[in-house]
Structure formats: structure tokens, C-alpha cells
Amino acid sequence: MENEGEVKTEEGNSESAPQAQRLCRFFSQGRHCNYGKRCRFLHVREDGPDPERKAAESPTQLDVTLSGSQNSGQLKGDNSPLTHNPKFSSASARRPCRYFLSGHCTMEDRCRFWHPPQLPTAEDPSVTAVQSKATPRRPPVSAPGGPQEVKLCDMTEDKAKQLRDTEIQQLKKRFPKDQLIIQERSDGKLTYYRVTVEATDPDWPFDLKEVDVMVSFPDNYPLEIFTLEIPLDQELPPVMAKHVQQASLEWLQAKHATNQLLGKVELLFRPFLRWLDRSLERLFTAGARQLKKDIDLEKAGLQFIPYQELKVSVTDASDPVFGVAADEDTRDTTDKTEDVDAEEEERSVQQDERDEGQVQEEDASHLVENIKIRDPRRGTEVKLLGLRLGENTATVIAQQITVCLQCNRCKVTADLTLSGRTACSAQCEKCNADINAAFRPCMIHHYSDVLGYLDLQNATASDLVLQDCSLTVGCLSCSQEVPVENVFYGQTKEFNCESCHSRLGILAESTRFQYIQPRTSSKTGPSGVVYKTIRDPAVQKGKPLPDKGTCKHYKQSHRWLRFPCCGRAYACDVCHDENQDHPMELATRMICGFCAKEQPYGNGKPCTSCGSMMTRGMRTSHWEGGLGCRNKVKMCRNDRQKYTNTNKTVSRKAASEKK
């Protein structure tokens, strides 16, 4: 019986041995095994490499050594189980994890290598052999070229010399021979390195893709910055080269100052090359703009003198040597004072004659209006209120304007087109009075909103038809002038420059006419004629319109309407149809009759400036569905809303709650 039992156990062991080597058909086919770690079959892929299958079928020498070490550990008293993932091959599972041996493995239980329960010692030959086979150690690689920065407190002359040599070696290795030129000074104490820097941007917009830079490293570099210069003997224009050089020096000085604040010393040539590569397009664009300005100034016959050069010239002029020479000249001239006194008397007589001639010209200018006036601020000033110019809009000049003039005698209004070249003469249609007018344009810019000055005789200006004016707008980017027409009040006129396609814009809310009283001269003419004072124009901000803006058609409408069809202002639509021959369009702006404030059209709303009601609007004494008067005292007795809810019974509780 005992022999039979021994035979059965031997048969059982023989059957279990091949069963342990059998592969799991689910895992080997790439499918999921529901048993996972509890599966009694081996989890190895069928399509895996041959060494892996062989390692799974027969244990290797490494497995034997590891199992031996494991058994020895168990014999010593270590009964902790072996931790590994059974879904990987036995070869990888028996190999110790080098990260776990070093101290920490991020994969933990999911790692396919063996995590021994007790870390072996460094003298263990099996572990050292596995580590040497798995990952051969490499010697530590030092940074190329030595250290790039050193603390300022640790800086010595030897370290500074070492850093300087490192910088020069890196420069020679970085640039090939065709992009590097080395030049030494005659005394041999300083060496210049001329390198060619190319733009790495694939979308480089300029034809010139490279720039030459000449640098030299002083003996105490990097304690101070290296010298930099952009040579002028290249295709880059001198103005652009000067701009790039100035910007580069500013960056180097700022970087060096920052390093000093941080208490460190850094090699600056490589960071400078990176900054130059990123900023080269911006520097070229700014330099090209400066070059274009210089070309435009040269074409205009002007010369731009920088402030530094002007300051140097002033200091040279105030040199004490120059002052001594001037004193010597004054001593020489003292001998000729008698001749100079006689000449000064003759000049004073001539000057008195010229002053009398100027007084006569000013007296004659009152009789006949003339364009050529010495003082530009004379006549009627035309100013655009609420003027807003676009970002790229530099100047605005009126070439031709259309102004509404009112006769001083019969109060008839007529339109007159004026240009800045010649004066215009006309006759009133009703009283045949002679009307003379001239326009002197001024330049409008961001600090001036004066369109020009009107010289009028027997008439006053009442309105400016901005829609019929011809303007010339100057572009700030390219300095070209663009003609503009059809500009409306309260609407931004936007357009593009014909040369550089920049966005230009202009906006004007209203126009103000201000008569400037002529200056009274101290010397009166022999005639002693007293001229009639000219009254203020009809439309003046802050003062009421004629008849407070009313007309014969609407006596309760205290406003003028500006119609977009013609750009003119009339008291009502009937007045527009009587004076114009085109179809009327609804007004978009209006002028208050009490303060002459031009504003967007609003029916039944008070003025935005003075707060007066321009129409009856809210002054009605009727209900009008809740939009009219809500005061029952002012309501008409026939209005059913007057006595609504007056006899309604109110409970004591409701009355007490109201109190």
C-alpha cells in the first residue's frame, strides 16, 4: 500500500510538472485572462521572441542563481513572499529592478522586474553582475565648454580668464571659417571677431537675411560686457545698422546690470545671439521706418539733427576760448563806434517809415477783405468740435469748403463754395448787396482743430456743409496725402491710405464759428474813420439760434435738423423742401435752439447740454396711454384716467399697511 501511494504521488508530480509549463491560451492569444495572478498557467505571448519562450520553458543560469539566493534568504529566516507580476516572462520577473535597488521604483507592483523583499548588499556578486549586464554605467559628462556662469563672490582672475577663453573657444566652434574673420590690432593686445549671423525664421520677410557683427572681448571679461559694432561695409544701410547696434548695446547693458543685481557673472555672447535671432525682424522693421523718414526729409530739403549732436555743438559754441576771441573782437569794434551811431540813426528813420506803411495797410484791410493778412488769427475762425483723428492720421487740410452765409442786410441765407487760393465775390439775391468772402485754410492735427479762417464782408457764416467739403488727409506711416470727401457730422469716416494701405479715420461732431475782433493799433490814421462792428455769426455754441430755432411752420419746435441727403441744417422738413430740389431723407442729427449744441436726433428728449426741451414732447397734459402726463391735477376733466380708482373702497387693514 505504501508503494502504491508512492507511485501515485510520483504520477501526480509528473502530471503537475508539465501542467505548470503549459501556456495560458487566453493570454498567449492576446486576450484577457479573468484569473489574472491566480491563473495556474504561464502568461507568455505565443508571438513573442524566441529567447523569451525559451526562458519561460527552461530556467536560465540567472534564475538558478537568483533562486539559490532566494532559498538562502529563506533559510536565514526571511519568509516574505516573492513580489513580481506573473503576467510577464519568468526571465524578466527574476531580473532585479535597478530602480528598486537604487531606492525607489515608480512602477511599484506594476513593474515587470523583480523587487526583492530584502535589499542585497553592494558586495553581492549576483546583483552586481546583473546591474553590469542590464545597464552599463557611463562616466558623467561635463557641460561642454566649462561653466557658463559663476557667482560674483567666487570670481577670481583665474576664473575670469577661464571664462573668457571658454567664450572664445565656443565662438570659434560655433561659426565656420567662411562666417568668421579674426583680426588683431596692430599692438596685438586686442582681437576682433567678425561673425555673420543669419536669420533662422522660415518666414523671413526681407531680402537681406544676414548681418555682420564685430565683437571683441576685453581682458576683464566677463566682469564687463564685450564691445560690439555693426560694420558699415555690408549691404545693410547705415541707418539700420546704427539702430541694430544701439539696441544690441542697450540689451547687453541691461543684461549685465541684471546679473550684477543677482550676484552672478554670466557669459553673454550665446544669450546675445539667441536674443538677436528673435529680435532681428523687429530691429530691421524699426530701422527701415527710420530710413524711410530720413529719405522723406531729404526729399523735402530738411535735415534732422539729433539732440546729442545739437548739444555738442552748443557746448562747443560756449567754449571759453571762443568767449575770449569774442572779447577781442568787441575791443576792435570799440574804435568804430562813431561810424555805427550814424548808421543807426538812418536805420531808425527807415524803420519809422515802415511802421507808418504797415498802419496804412491795416486800415485798408478793413475796407477790402484780402487773403494775404499778416496775422493769421483774424476774421471768423472755423473750428471743428469733437474732432477725433485715427491712429495713423497725421494732418487734415481743407482744399475746398462750402459754407452757408447770411446777408447782414436782408437775412437771406445762401451757399458759397470757397477755396484757399482765390477770393470770391457775389451779390445777394434779394437786396443785391455785394458779398466778399475768402478762406485761409489751416492744418488740423492732434493738437489743433482749427479748419481755417474766413474773411467776410457784408455777410456772416451760419453753417459749414461738411459733406460738400474737399479734404486732404496726411498718412502718418508713409507721409502721403489722400483726398477725402463725403464726411458727415457724427459719423466716423474710415478709409485706407492709397500708398501703404494704413487705416485712416476722421470724426467731427459739429462746427463752431467765432469772430475774432481786430487788434486796435496805437497809431490812428489821418482819416479817423469809425468802422461798423461786425456782429457774431448766427450759429455760436452757448447762444440761442435765430428765433430760438423755430420757423413759420412749427412754432413749438426749438431746434434745427441736419438732413443727411445734403448735409445742411433746416428748422423743419418743409423748410428743407422749399430750399432744396432733391428728395428729403430723415434727419439723423439736430441742433438745440437754446444753446446751439449739435447732437444725435432724439424726439421728446431734452438737450444733452442745457437740458431744455426742444419740443413739447413730455409737456402734454393728457394721459396718452401712460406716456403723457400722470398728474391728475393737470389732466383734462374729460380724461377717464383723471378719476380712476378715486372712489374705490380701501379696507382698514390695507390702509394701516400703507401707513
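This report covers the cores, sheets, cysteines and some backbone details of a predicted model.

## Ground rules

The model is predicted, and local features need pLDDT of at least 70, side-chain atom pairs count only at pLDDT 80 or more, and totals for chains, interfaces and linings use all residues. Residues are numbered from 1 along each chain as its sequence is written, and side-chain values use heavy atoms, with hydrogens and water left out.

Strands here are DSSP runs of E with at least two residues, and helices are runs of H or I with at least four; both are numbered from the N terminus. Two strands pair if DSSP finds at least two bridges between them.

## Nonpolar cores

A nonpolar core is a set of buried Ala, Val, Leu, Ile, Met, Phe, Trp, Tyr and Cys residues joined through side-chain atoms within 4.5 Å. Buried means under 20% relative accessible area, exposed means over 50%, and partly exposed lies in between (1.4 Å probe, protein chains only). In soluble globular proteins, nonpolar side chains tend to be buried together.

The largest nonpolar core has 41 residues. Those with the most contacts inside it are Ile-401, Leu-405, Leu-418, Leu-451, Leu-454, Leu-464 and Leu-471. Strand β9 (residues 393-407) supplies the largest share of this core, six residues. A second, separate core holds 40 residues, including Leu-163, Val-197, Leu-268 and Phe-284.

What does Ile-401 touch, not counting residues up to four places away in sequence? Its contacts (heavy atoms within 4.5 Å) are Leu-416, Thr-417, Leu-418, Phe-439, Leu-451, Leu-454, Leu-464 and Cys-469.

## The five-strand sheet

Five strands form an open sheet in the order β11-β12-β14-β7-β20, with antiparallel pairing. The edges are β11 (424-427) and β20 (510-516). Each has a single partner strand, so one side of each is left without a neighbour in the sheet. The twist averages 25° from one strand to the next; axes are lines fitted to C-alpha atoms, for helices over the stretch in contact, and angles run from 0 to 180 degrees between N-to-C directions.

Strands β7 (residues 379-385) and β14 (residues 450-457) pair antiparallel over four bridges. Thr-380 stands opposite Leu-454 in β14, and Leu-454 is also among the residues with the most contacts inside the largest core.

Arg-440 lies in strand β12 (residues 434-441). Is Arg-440 buried or exposed? Arg-440 counts as buried, because its relative accessibility is 10%. Its side chain makes a 2.9 Å polar contact with the side chain of Asp-455. A polar contact is a pair of N or O atoms within 3.5 Å; within protein, one must be able to donate a hydrogen and the other to accept it, and residues adjacent in sequence count only if both atoms are side-chain atoms.

## The three-strand sheet

A further open sheet has three strands in the order β8-β19-β18, with antiparallel pairing. Its edge strands, β8 (388-389) and β18 (493-496), each pair on one side only. β18 and β19 (residues 503-507) pair over four bridges. Glu-494 stands opposite Gly-505 in β19.

Strand β21 (residues 559-562) runs antiparallel to β23, joined by four bridges. Arg-562 has Arg-589 as its bridge partner in β23. Three bridges join β23 to the antiparallel β24 (residues 598-600). There, Ile-591 partners Glu-598. The hairpin of β23 and β24 has five residues between the strands, and Ala-596 takes a positive phi near 60°.

For Cys-566, the nearest cysteine sulfur is that of Cys-565, 4.1 Å away. Cys-566 is buried at 4% relative accessible area.

The sulfur of Cys-607 lies 3.6 Å from the closest cysteine sulfur, in Cys-595, too far for a bond. Cys-607 is buried too, with a relative accessible area of 6%.

## Backbone details in loops

Tyr-221 and Pro-222 are joined by a cis peptide bond, with omega about 10°. Pro-222 sits in the loop between β4 (210-216) and β5 (227-229).

Asn-432, in the loop between β11 and β12, has a positive phi near 55°. Asn-458 also has a positive phi, near 65°. Asn-458 lies between β14 and β15 (459-464) and is partly exposed at 38% relative accessibility.

Methods. Disulfide = S-S within 2.5 Å.
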